Amino acid sequence: MRSMSQPEFLHQFDSGNVDDADDDDDIWDDAAILDRDGAHRKNQFVKMGYRDGIVEGQKDAAQEGFNIGFKQSVHVGYKWGLVRGITSALDSLPDSLKEKLLLDDQRRGKLKDLHNSVQEISSDGALQLFHKSIVQDNRPPEENRLQTIQNDLLLLLRECPDVQVPEELRRAP
């Protein structure tokens with residue numbers, strides 16, 4: 001074996017300690033990086049979870065709103081369809097039948113006016129009127145044009161003894 005001189009020996013010993021200290025610093029640096037990276041990823045996952053929760057909540061709220069709106073609009077739309085159909089059917093009758101069903105000129109004039117009022121309202125227009133009635137739900141029902149026309153038709157039909165009013169039309173909105 002070869003013997004080492006003291007400076008050589010110390011140099012080898014000192015350089016070994018320095019390398020070990022550098023390794024310890026690297027470990028602490030790596031741990032700090034991992035901690036920061038872990039905190040960053042945790043923050044990202046929390047944000048993603050929050051966003052996903054918001055999106056799902058919005059979907060649920062939108063679906064619930066759709067279900068409620070659909071339920072309300074189906075009944076109103078069905079009744080409006082009845083009003084359109086009844087006024088059109090009565091208006092298209094020959095004059096001799098109109099005279100038998102609607103006993104005087106005043107009632108026949110009301111029917112003509114109602115039919116014209118109904119025909120002036122397009123499907124889109126009826127939808128907009130319905131939307132306004134929902135948005136402004138504090139308005140009295142008589143200010144709702146769709147409801148007013150329906151009520152006027154019901155009054156006219158009640159004055160005609162030979163006309164049977166459909167049950168669906170007589171029910172309250």
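What span should the 16 residues of helix H3 (residues 105–120) have at 1.5 Å a residue, and how far apart are its end C-alpha atoms? The expected span, taken as 1.5 Å times one less than the number of residues, is 22 Å for H3, and the end C-alpha atoms are 22 Å apart, which agrees. The structure is a predicted model, in which local features need pLDDT of at least 70, side-chain atom pairs count only at pLDDT 80 or more, and totals for chains, interfaces and linings use all residues. Residues are numbered from 1 along each chain as its sequence is written, and side-chain values use heavy atoms, with hydrogens and water left out.

The protein chain has six helices and zero strands, where helices (H or I, at least four residues) and strands (E, at least two) are DSSP runs numbered from the N terminus. Of its 173 residues, 20% count as buried; here buried means under 20% relative accessible area, exposed over 50%, and partly exposed in between (1.4 Å probe, protein chains only). With contact meaning heavy atoms within 4.5 Å, 67% of the contacts between residues at least 6 apart in sequence join residues at least 24 apart.

Of its 20 residues, Trp80, Val83, Ile121, Leu146, Ile149, Leu153 and Leu157 touch the most other members. Two or more residues each come from H1, H3, helix H4 (123–135) and helix H5 (145–158), and H5 gives the most, with six residues.

Helix H1 (residues 6–92) also holds phenylalanine 66 and phenylalanine 70, four residues apart, about one turn of the helix. The structure holds one aromatic pair. The ring centres of phenylalanine 66 and phenylalanine 70 are 5.8 Å apart and their planes lie at 25°, so the pair is stacked. Rings of Phe, Tyr and Trp (its six-membered ring) pair if their centres lie within 6.5 Å, and planes under 30 degrees apart count as stacked, over 60 as edge-to-face and the rest as tilted. Phenylalanine 66 is exposed, with a relative accessible area of 52%, while phenylalanine 70 is partly exposed at 47%.

Conventions
A nonpolar core is a set of buried Ala, Val, Leu, Ile, Met, Phe, Trp, Tyr and Cys residues joined through side-chain atoms within 4.5 Å.
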